[in-house]
Amino acid sequence: MRINLLAGVELRRADGTEVPVATPKRRALLTVLALELNRVVPTDRLVEALWGSEPPPTARAALQGHVAALRKQLDGEQLRLVTREPGYVLTGGQDAVDAHEFDSLVASSAGLTDPAAAAVLRAALALWPGPWEAEDSPSALPDQAARSLRETRLRALERLAEALLRLDRAPEVLDELAAAVAVAPRREPVVALLMLCLDRAGRAGEALAVYRRTVRRLEEELGIGPGRVLLAAHRQIGSAPPRPARPEPVRRSAVPCQLPRASRGFAGRAADLARIDEAVDRPGRTAVLVCGAAGVGKTSLVLQWAHRNTDRFPDGRLYVDLRGFDESGPVDPREALGGLLRALDVADEAVPASLAERSELFRRLVAGRRMLVVLDNVRESAQAAPLYADIPEVLTLVTSRSRLQERPNCTATVRLTLDVLAPADALDLLARVVDPARLAAEPHAARRIVELCDGLPLALRIAAARLASRPDWALAELAAELADEQTALPALSTGGALGVASALALSCRALSAPAARLFALLGLHAGREVCPQAAAALGGLAADEAAGLLAELGAAHLVEQPEPGLFGRHDLVRLYTRELTDTLAAPERRAAVDRLLDYYLATCAALTRALGRPRLPVRTPGPAPSGGVAVPGGPAEALELFRREERAIRTLVVEAGRDGHGERVWQLAYEVAPAYYHDGGFLPEWERLARSALAAAEQAGSLEGRVWTSGDLGMILGEQGRHAEQAELMERALPLAERLGRRPPLVRCLSVLAEALYELGGARGALPLLERMVEMERAAGDGRSAAVQLNNLAECRLTLGEPRPALAAAEESVALLAGRTDPALAISLGTLAEVRIALGLAEQALEVLLQALELDRELRDHRMEAQHAEETGLVLQGLGRGREARAYYLRSLEVLDRHGRPLDGIRARLAALGLGPDPQVG
């Protein structure tokens, strides 16, 4: 996600689609926070920015509403809006806000050589999509920030012009200088640079005309004459030395140029070209390695740079494709050297026989000559080593899908890793092949194609070629084809050797057998990221073995490492690994799925323990996973782990259930259920998981599995207010639980059924079920479970108009749980508060509600925090403390909104207070 401030305030997703920021005040809030990225902005300053020096009494509360709404629009990954005393802070990388990226690029250009600085300054100025603006032009930014950015833009242009003048490339910047002078006609340094650049371009008359106009303007408008900078430029007009004549052409064989033509579809990559410039200009360098995944555009980038910089290498540009990943096998370095020597005019009969002799002759022939050697598609260092000249005058550019960790015979290599294209550059690439009018007619489909191609240039070129060959084809049709996991990879194939799947297959050929096996097994893991422990479980490996093989896959750019201990895959790579799983023998595939289920069973058990919500064991623990288990250190770490792994766990339950792993499947769904309940943000996903688990338990003929998963599914239905379905499900499950004859699952069924009856208005029917459960738990000596049922009994008694018996049950429940950091205690405290309110003991109710809120925050239980915050507001409102009540209502509203819960009830409570407008949330 990205915030653009340089041409109006915009919030855009990673795929380039705009996220509307609805109101002027919310846009102003986003602007101030973005300008102060990673710095806390005090609440008072934000209020003043939104309402001026005389804000209304409701400003602070409304600000909270705007913050909550904006927080929901942000992705929570690249950009996060955090409450931090004494205000709020927007956190993210510098490149998440174009104004900061612009400042960073301009600052980074200082100290670079002129070619590198020019490339970086070009990339910085390209971030300004709009025209040059005068100092007093209206802006969406605060005045001071707008002035500062415009000043930095002008300074960047000045520095670019100065660098290009020194490089004798003045014409490249004439249009921009003229546009800047038009809006800043009295800024003498810009005017002077325009004059000098016109003069260097052979347009001295125009340069003098600019000088005369500027002098006249200064005299008429300011009553002053030209300054020192302008006078110095005037003196230089017409005095520039003549350009050196081009050298006479020489025989082609004497100055070899083997570079293939640069790609006509090349797009973007300004920063990457600048990085090569910078790397090439480093003192002592002799080689630059550009590595990256298959199809990411390494060869296109290197050839683009080489063609733009031919003047650096007047003695020749050599090229050899070493075909390191071709099906026919890599080119032998001895053969490659033979071709290079012939390009250097060595006769066939004079080419030595041995590799060592050819390598030595190559070095002697290029010594002292300013040459470029491009070694494309290198498989390993040993293949390229004999072709390195390792001489200061000769630059070797290398491309490889491998990181080539070893660098024999090359003492000064700079390594650059190429990533996929940014969304805007990817759209530009499409527009170079597909009629721009078609893209403009279906902008959403175009952005979706870019997203589904993962920004991979190879995939984008194939997609563009297919569209260009079918002018009657809607972009939405191709987008739908790419969105279907069954057809995505075939859609990105040309039918021959060219295609995403083919490119990845060639990368796999270079892997060791164990790494290739693990890569195929990763197709059974649906998560966006994989940890070494999960990979070890899939492969039946020790953790260090799995880590080593993941490192090998990383070196081949088949996986990436977004952070230590995690390995991610682009979606197209993930789809390819899913295809590879079909090549595994059925017994190996089944064993790998069983190991992965065992791993997640152990992981989820550790996770729910860390959340304070452990489940009763339902199986005999198997052997520990071979690579160990990630054990979270507390609730926050456990929630982070759950959110990262949720997709992998859910997909595993759904697919393994279909494939007949029934017993382990329902057990995994049972084990992870408390995490879903605790987080509260995955209700639809949880329901899908629970229904798959119930089907798996039925398929496996597991009576216990059917009872437990029915109980969990019943709870999910209750959370969604679907109490009639909940009651029907539990009435079917109760006879199964009775037949099973075990207390815990029977209590679970009775409890969920009692909840359904209670919510459907049948408190009198729920009462005997609750009393039965209390007695069962007391008889078993299970204090915690008895406390849970006593709490439910208290709620039921209260509904039936029996507050005194309800008070006894609630107090006993709290007493049984006292001293625990347990979600059950927070729930029981809330119930005790309800009972005390009913008895007219509001102050005592407030006391226990504040205890419950403190426990909710400690447990990070957002669902209960929202409920208890609302109840606290109700008590305070009843005590006549409306402003305090509003603060708690707003807190409840923010939490409910963040987790997609219904908002109408809490909004009605806020409106009833009459203290100001309802904040815009949701």
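This is a predicted model: local features need pLDDT of at least 70, side-chain atom pairs count only at pLDDT 80 or more; totals for chains, interfaces and linings use all residues.
The chain has 922 residues, of which 52% count as buried. Its secondary structure consists of 41 helices and 13 strands. Taken along the principal axes, the box filled by the C-alpha atoms is roughly 105 × 80 × 50 Å. Among contacts between residues at least 6 apart in sequence, 67% join residues at least 24 apart.

Two helix pairs were examined. Two packed helices are described by the angle between their axes and the distance between the axes. For helix H36 (residues 803-817) and helix H37 (residues 823-838), the angle is about 155 degrees and the axes lie 9 Å apart. Angles over 145 degrees count as roughly antiparallel, and H36 is therefore roughly antiparallel to H37. The crossing of H36 with H37 is left-handed. On the H36 side, the contact is made by Pro803, Ala806, Leu807, Ala810, Glu811, Ser813, Val814 and Leu817. Their counterparts in H37 are Ala824, Leu825, Ser828, Leu829, Leu832, Val835 and Arg836. Sorted by class, this contact comprises 11 nonpolar, two polar and two charged residues.

The second pair consists of helix H18 (residues 443-452) and helix H20 (residues 475-483), which pack at an angle of about 30 degrees with their axes 9 Å apart. Because angles under 35 degrees count as roughly parallel, H18 and H20 are assigned as roughly parallel to each other. H18 passes H20 in a left-handed crossing. The residues of H18 in the contact are Ala445, Ala446, Arg448, Ile449 and Leu452. In H20, the residues that meet them are Leu475, Ala476, Leu478, Ala479, Leu482 and Ala483. By class, the contact of H18 with H20 has 10 nonpolar residues, one charged residue and no polar residues.

The count of salt bridges comes to 44. One of them is formed by Arg122 and Glu176, with 2.5 Å between the closest N and O atoms. This pair links distant parts of the chain, with Arg122 in helix H5 (residues 114-125) and Glu176 in helix H7 (residues 174-183), 54 residues apart. Buried means under 20% relative accessible area and exposed over 50%, with partly exposed in between. Arg122 therefore counts as partly exposed, at 28% relative accessibility. Glu176 also counts as partly exposed, because its relative accessibility is 22%.

A salt bridge also joins the side chains of Arg748 and Asp712, at an N to O distance of 2.8 Å. This pair, too, links distant parts of the chain: Arg748 belongs to helix H33 (residues 743-759) and Asp712 to helix H31 (residues 703-719), and the two residues are 36 apart. Both Arg748 and Asp712 are buried.

In a further salt bridge, the side chains of Arg797 and Glu802 meet at 2.6 Å, N to O. Arg797 has a relative accessibility of 17% and so counts as buried. Salt bridges with shared partners also join Glu151, Arg155, Glu158 and Arg187 into one network.

How values were computed:
Residues are numbered from 1 along each chain as its sequence is written. Side-chain values use heavy atoms; hydrogens and water are left out. Axes are lines fitted to C-alpha atoms, for helices over the stretch in contact, and angles run from 0 to 180 degrees between N-to-C directions. Helices (H or I, at least four residues) and strands (E, at least two) are DSSP runs, numbered from the N terminus. Angles under 35 degrees count as roughly parallel, over 145 as roughly antiparallel, 65 to 115 as roughly perpendicular and the rest as oblique. A crossing is left-handed if the near helix is turned anticlockwise from the far one by less than a right angle, and right-handed if clockwise. Contact means heavy atoms within 4.5 Å. Ala, Val, Leu, Ile, Met, Phe, Trp, Tyr, Cys and Pro count as nonpolar, Asp, Glu, Lys and Arg as charged, and the others, Gly among them, as polar. A salt bridge is a side-chain nitrogen of Lys or Arg within 4 Å of a carboxyl oxygen of Asp or Glu. Buried means under 20% relative accessible area, exposed over 50%, partly exposed in between (1.4 Å probe, protein chains only).
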